[in-house]
Amino acid sequence: MRRAPTILHLDMDAFYASAEQAAKPSLRGKPVVVGGIGPRGVVATASYEARVFGVRSAMPTAQARRLCPNAAYLSPRFTLYRQVSETVMELLRALSPLVEPLSLDEAFVDLEAGGVAPETAAVRAVGAQLRRDIRTATGLTGSVGLAGAKMLAKIASEQAKPDGLVVIEPGTERELLGPMPVRALPGVGPATAEALRRGGIHTVAETAEAGEAELVRLLGRAHGTGLYAMSLGQDDRPVVAERDAKSVSVEDTFEVDLTDRTRVRNEVLRLADRCVERLRAAGRSGRTVVIKVRNYDFSTLTRSETLRGPTDDPAVVREAAVRLLETVDTTGGVRLLGVGVSGLADFTQEDLFAQIATEREAEEHAGPAEPEAAPEPGEELPRRWHPGLDVVHEEFGAGWVQGSGVGRVTVRFETPGSAPGRVRTFAVDDPALRPGEPLPLPGGPDQSSAPAIRPKSESPAEDSESETGEEISRR
């Protein structure tokens with residue numbers, strides 16, 4: 001444990017939804033839900049305006065629609081989120097060489113490694129300036145936690161949400177953690193919490209009072225010992241600059257169960273190609289191919305095959321995925337498919353089977369069969385206009401899809417820096433309308449929506465920052 005709160009945890013506020021509000025002026029200050037929009041979709045992020053109605057991450061979208069029917073339900077735009085994330089991560093790297101990203105919108109920073117004085121006033125000033133810099137660069141808000149350990153810094157940022165800053169002074173950890181439920185501790189999920197509940201343990205204070213021996217009896221040695229240390233506020237994990245990915249995977253949930261074996265095989269091939277694209281984009285290769293099949297009754301099966309060496313050859317991954325699929329019975333219906341590659345490496349190894357597969361595929365494509373005629377313009381497959389999709393119209397310019405159906409698509413024409421725009425409706429096959437690319441966020445306080453609720457705070461008024469949110473010091 002450090003003697004000063006020099007570990008910073010940043011968590012962007014309702015990141016996907018806030019980015020959509022910043023990009024779409026007409027949605028600012030209104031409930032927005034980002035995630036899967038189909039009947040089996042799941043909420044990825046809900047804006048604070050939607051959370052007032054009970055909408056939460058990981059909730060089925062159908063349930064969210066019942067709770068908040070007037071929200072804007074949008075498909076994710078990861079291109080935009082990655083652009084904003086990179087801007088934020090650059091600001092963090094300017095503070096310290098030790099930045100540990102956890103996701104697109106969350107990271108730890110070791111301020112001491114960046115030369116910040118190990119004093120509360122100094123780290124508080126850095127945290128406050130970081131929040132201002134993020135707002136200026138992206139127009140979005142982030143919550144900052146500062147403490148002497150990673151676990152405590154993460155808890156502090158959660159206490160600061162939304163748009164706040166919380167400092168946990170070393171020496172006050174047990175006082176802060178004591179009344180919290182055990183689920184507040186890292187690694188305590190529903191199963192662990194239930195095991196502790198059966199033992200009469202509900203809070204962090206009760207966890208510490210139970211003692212290490214009792215926790216080991218309930219949870220096993222490794223988990224019990226670690227949980228006891230965390231209940232005392234002890235966490236010596238360092239901030240690690242590079243978090244090496246263990247696997248790369250993609251998966252899709254289907255609106256209707258797949259029962260046709262050929263369709264299932266084609267979906268696995270498509271997922272294998274997407275997985276290899278991600279693998280190559282990361283400059284990696286992998287040794288083990290994994291498929292995931294979730295059946296109609298929610299039972300989930302995984303199958304894996306380890307190759308002779310790491311590869312990023314799409315033909316090899318596709319062949320392995322298909323071989324694995326042949327070992328799974330899909331006749332009852334499949335609701336989700338996934339393909340992944342693990343055992344990652346930074347190099348590829350020439351594989352005889354890959355060469356054979358590639359040559360066979362080339363021979364098949366070079367056969368004597370007549371090439372297929374190009375489809376007539378009227379025979380093009382209809383485009384799918386997902387809500388939130390960026391579009392460009394030859395006459396009206398840039399906009400985004402509000403909705404589509406019965407052969408029509410509704411578009412609102414506005415940009416991140418404009419006023420709320422007008423809505424127009426077109427035929428789904430209108431040749432003047434085409435998919436577009438996300439426009440960069442201009443940044444600035446006027447580009448973010450005000451949160452619907454204030455940060456959680458028990459601090460006196462003099463600890464608050466009136467301009468950008470609340471700053472709280474746990475003493």
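I began with strands E14 (residues 397–405) and E15 (residues 408–413), which pair in the antiparallel sense over 5 bridges. I took strands as DSSP runs of at least two residues (E), numbered from the N terminus, and two strands as paired if DSSP finds at least two bridges between them. Within this pair, glycine 403 stands opposite threonine 410 in E15.

This is a predicted model, in which local features need pLDDT of at least 70 and side-chain atom pairs count only at pLDDT 80 or more, while totals for chains, interfaces and linings use all residues. I number residues from 1 along each chain as its sequence is written, and side-chain values use heavy atoms, with hydrogens and water left out.

Next I looked up the whole sheet. It is open, has 5 strands in the order E16-E15-E14-E13-E17, and its pairing is antiparallel. Strand E16 (422–427) and strand E17 (433–435) stand at the edges with a single partner strand each, so one side of each has no neighbour in the sheet. Neighbouring strands of this sheet are turned by 40° against each other on average, direction ignored; the axes are lines fitted to C-alpha atoms.

I then checked confidence. pLDDT is the predictor's confidence in each residue, from 0 to 100. The chain averages 85, and 84% of the residues score at least 70. Over residues 349–360 the pLDDT stays under 50, and the model has 13 contacts for them beyond four places in sequence; contact means heavy atoms within 4.5 Å.

Which residues have the most contacts inside the largest nonpolar core? They are Leu8, Leu10, Leu92, Leu111 and Leu146, in a core of 36 residues. I used the term for a set of buried Ala, Val, Leu, Ile, Met, Phe, Trp, Tyr and Cys residues joined through side-chain atoms within 4.5 Å. A second, separate core has 28 residues, including Met151, Leu152, Ala156 and Leu185.

Aspartate 11 lies in strand E1 (residues 7–12). Is aspartate 11 buried or exposed? Aspartate 11 is buried, with a relative accessible area of 11%; buried means under 20%, exposed over 50%, partly exposed in between (1.4 Å probe, protein chains only). Beyond four places in sequence, aspartate 11 is in contact with Asp105, Glu106, Gly142, Ser143, Ser157 and Lys161.

I found 0 disulfides, taking a disulfide as a pair of cysteine sulfur atoms within 2.5 Å. Cysteine 68 is buried at 3% relative accessible area, and cysteine 275 is buried at 0%.

Technical notes: Helices (H or I, at least four residues) and strands (E, at least two) are DSSP runs, numbered from the N terminus. Axes are lines fitted to C-alpha atoms, for helices over the stretch in contact, and angles run from 0 to 180 degrees between N-to-C directions.
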